[in-house]
Amino acid sequence: MKKIVLLVIGLLFLPVIALAYQVNIEAPETLTVGKPLVVTGVTTFPPGMSVDVVLYYQLTTTTEIKRQVVGIKPDKTFKVVFDTTGLTTGTYKVEVPVNGMGDSVTVRLVRIVDRSEEIQMDSPLTQEFNGTLLIAGMIEGDENSGVQVEVIGPDNSLV
């Protein structure tokens with residue numbers, strides 16, 4: 001009789017184990033200060049449910065910088081954008097704090113860099129767009145290296 005009761009109790013907990021939700025997030029490994037930090041995720045949470053996405057500064061201990069609550073879309077994805085303006089150079093952690101998620105990826109480390117001390121821009125930082133942008137400048141110590149230039153529009157989208 002005791003074996004049957006234990007078996008029934010064990011079977012009651014089985015569906016709970018099978019229903020563990022999954023969350024997987026993606027974020028860039030390196031980002032320049034001032035660029036938007038875009039965190040995307042895929043989950044098995046039902047659409048409409050909300051999750052917290054937290055940005056921490058990580059030195060010897062972690063300090064919470066920003067937290068955003070985001071709703072799960074019908075395709076079971078979510079997206080959060082953090083403004084990195086004014087953040088210091090260093091390692092940050094993006095996390096969706098959930099418990100018991102099995103093999104979920106709920107933490108990503110992001111290294112934020114600031115090269116503004118090394119770069120000298122000779123062209124105006126803001127310009128009216130008439131089809132042509134004037135970009136001129138110099139990086140100390142890297143005379144013959146390539147440079148990637150990104151233009152960010154007024155709505156923080158990459159032009």
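Predicted model: local features only at pLDDT ≥ 70, side-chain atom pairs only at ≥ 80, totals over all residues.

Me: Which strands form the open sheet, and in what order?

Reply: The sheet is open and consists of three strands in the order β1-β3-β6, with antiparallel pairing. Strands β1 (23-26) and β6 (77-82) stand at the edges; each has a single partner strand, so one side of each is left without a neighbour in the sheet. Neighbouring strands here are turned against each other by 20° on average, direction ignored.

Me: How many bridges join β1 to β3?

Reply: Four bridges connect β1 with β3 (residues 37-43), in the antiparallel sense. Within this pair, I25 stands opposite G41 of β3.

Me: What do β4 and β5 form?

Reply: They form a hairpin, with three residues between the two strands. Strand β4 (residues 50-58) and strand β5 (residues 62-71) run antiparallel and are joined by nine bridges.

Me: How should I approach the charged side chains?

Reply: The general idea is that side chains of opposite charge can pair when their charged atoms come close. In this model the count comes to four salt bridges. One of them links D52 and R67, whose closest N and O atoms are 2.8 Å apart. This pair links distant parts of the chain, since D52 lies in strand β4 and R67 in strand β5, 15 residues apart.

Me: With which residue does E64 form a salt bridge?

Reply: E64 also pairs with R67, the closest N and O atoms being 3.0 Å apart.

Me: How exposed are D52, E64 and R67?

Reply: D52 is partly exposed, at 27% relative accessibility. E64 is likewise partly exposed, at 40%, and R67 is partly exposed with a relative accessible area of 39%.

Me: Is K93 buried or exposed?

Reply: The cut-off for buried is under 20% relative accessible area. K93 has a value of 17%, so K93 counts as buried. This lysine is found in strand β7 (residues 90-95).

Me: With which residue does the side chain of K93 meet in a salt bridge?

Reply: The partner is E95, at 3.9 Å from N to O. Both K93 and E95 are buried.

Me: Which residues beyond its sequence neighbours does K93 contact?

Reply: Leaving aside neighbours within four places in sequence, K93 is in contact with V54, L55, Y56, Q58, T62, V107, R108 and L109.

How values were computed: Residues numbered from 1 in each chain as written. Heavy atoms only, no water. Pairing = 2+ DSSP bridges. Axes fitted to C-alpha atoms, helices over the stretch in contact; angles between N-to-C directions. Buried < 20%, exposed > 50% of the residue type's maximum accessible area, 1.4 Å probe, protein only. Contact = heavy atoms within 4.5 Å.
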